[in-house]
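Morning, everyone. Have a look at the model first.

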Amino acid sequence: MFLASVKEAESYGANVLMLYTGAPQNTRRKDIEELNITAGWEYAKKAGIEEIIVHAPYIINLANTIKPEIFELGTSFLRKEIKRTAAMRGRILVLHPGSHLGEGVETGIAQAVKGLNLVLNDNEDDVYIALETMAGKGSEIGASFEELKMICDGVDKKNRLRICFDTCHVHDAGYDLVGDYEGVWQEFDRLIGIDRIAVIHVNDSLNPRGSHKDRHANIGRGYIGMDILKRIVHDERFTDVPKILETPWLSEGASGKKTIPPYKEEIAEMKMGGFEAAMGGTFRQEERIKKQNIE
Ligand code: FE
Ligand code: FE
Ligand code: ZN
């Protein structure tokens with residue numbers, strides 16, 4: 001599975017990739033021994049792939065206060081997922097902060113903080129949890145920078161927390177990347193700190209700003225647009241930050257079946273513009289993390 005992901009990323013001209021350690025919708029996972037890590041990395045090095053990012057499955061909900069067994073599943077899965085990420089030589093584990101399910105934002109945030117502390121306080125792996133900025137669909141927490149800050153503030157091991165900045169989600173949450181690009185970064189920097197961004201998910205959005213829909217569009221085919229997404233990819237502040245596309249596959253003709261991955265063309269397009277920074281980032285996670293230890 002790992003080797004196949006690496007080969008796929010290579011075919012797109014990527015030098016970084018994000019993967020799930022199994023199906024994103026469930027928590028069934030193979031043993032670490034079965035992941036074929038050595039073969040995957042041998043191939044990756046030759047293909048120029050230097051970094052892998054792991055994304056935790058969607059169904060983990062650390063903000064759940066209604067069903068203790070779901071919260072418990074979330075924390076026990078996350079403990080193992082950190083181990084798997086470390087075994088796969090990943091440094092960054094992307095996690096959705098969770099949904100409060102009607103119990104209120106503060107209750108949800110307190111529960112997510114509790115879960116993160118349960119998982120991190122007795123863990124010493126060299127893995128960072130990158131909380132993803134969310135679109136605010138349903139009862140998702142972490143759609144505003146304030147909410148993400150509250151989670152970061154509540155976690156004991158602050159240095160283990162990072163942010164995954166998803167452009168579609170931030171736009172859907174209401175932030176005006178198109179009309180007030182610098183204003184959004186200033187606000188993010190004031191509340192959380194730009195140095196905390198460990199991954200950027202580069203996606204266009206099918207819906208207008210503030211729609212809270214979370215439907216990704218291909219680059220240049222949504223409400224954010226090519227110019228702003230290119231500006232982010234080539235922004236010097238993010239040169240060393242890996243950039244991951246989560247854009248939808250394309251369908252061939254009128255069949256409606258999505259069979260064509262857009263990534264090769266989108267990566268090539270994003271690289272254009274005469275900038276040093278390439279899609280995927282010239283990533284030096286080690287140096288970057290050393291620079292930005294947060295206590
Ligand atoms: Fe995500
Ligand atoms: Fe994302
Ligand atoms: Zn999304």
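How many bridges join β4 to strand β5, and in which sense do they run? There are 4 bridges, and the two strands run parallel. Before I go on, this is a predicted model: local features need pLDDT of at least 70, side-chain atom pairs count only at pLDDT 80 or more, and totals for chains, interfaces and linings use all residues. Residues are numbered from 1 along each chain as written, chains are lettered from A and ligands numbered from 1 in written order, and side-chain values use heavy atoms, without hydrogens or water.

Back to β4, residues 128-132. Strands here are DSSP runs of E, at least two residues, and helices are runs of H or I, at least four, numbered from the N terminus. Pairing takes at least two DSSP bridges between strands. On β5, residues 161-166, Ile163 is the bridge partner of Leu131. Strand β3, residues 92-95, also pairs with β4, parallel, over 4 bridges. There, Leu95 stands opposite Leu131.

Is β4 buried or exposed? 5 of its 5 residues are buried, so the rest of the structure largely encloses it. Buried means under 20% relative accessible area, with a 1.4 Å probe and protein chains only. Tyr128, Ala130 and Glu132 are buried on one side, Ile129 and Leu131 on the other.

Now the zinc ion, ligand 3. Its protein donors are His169 (NE2), Asp214 (OD) and His216 (NE2), 2.0 to 2.2 Å away. Donors are N, O and S atoms within 2.8 Å of the metal (3.2 Å for Na, K and Ca); water is not among the atoms, so sites may look incomplete. His169 sits in helix α6 and His216 in strand β8, 47 residues apart. The iron ion, ligand 1, is 5.5 Å from the zinc ion.

How values were computed:
Buried means under 20% relative accessible area, exposed over 50%, partly exposed in between (1.4 Å probe, protein chains only).
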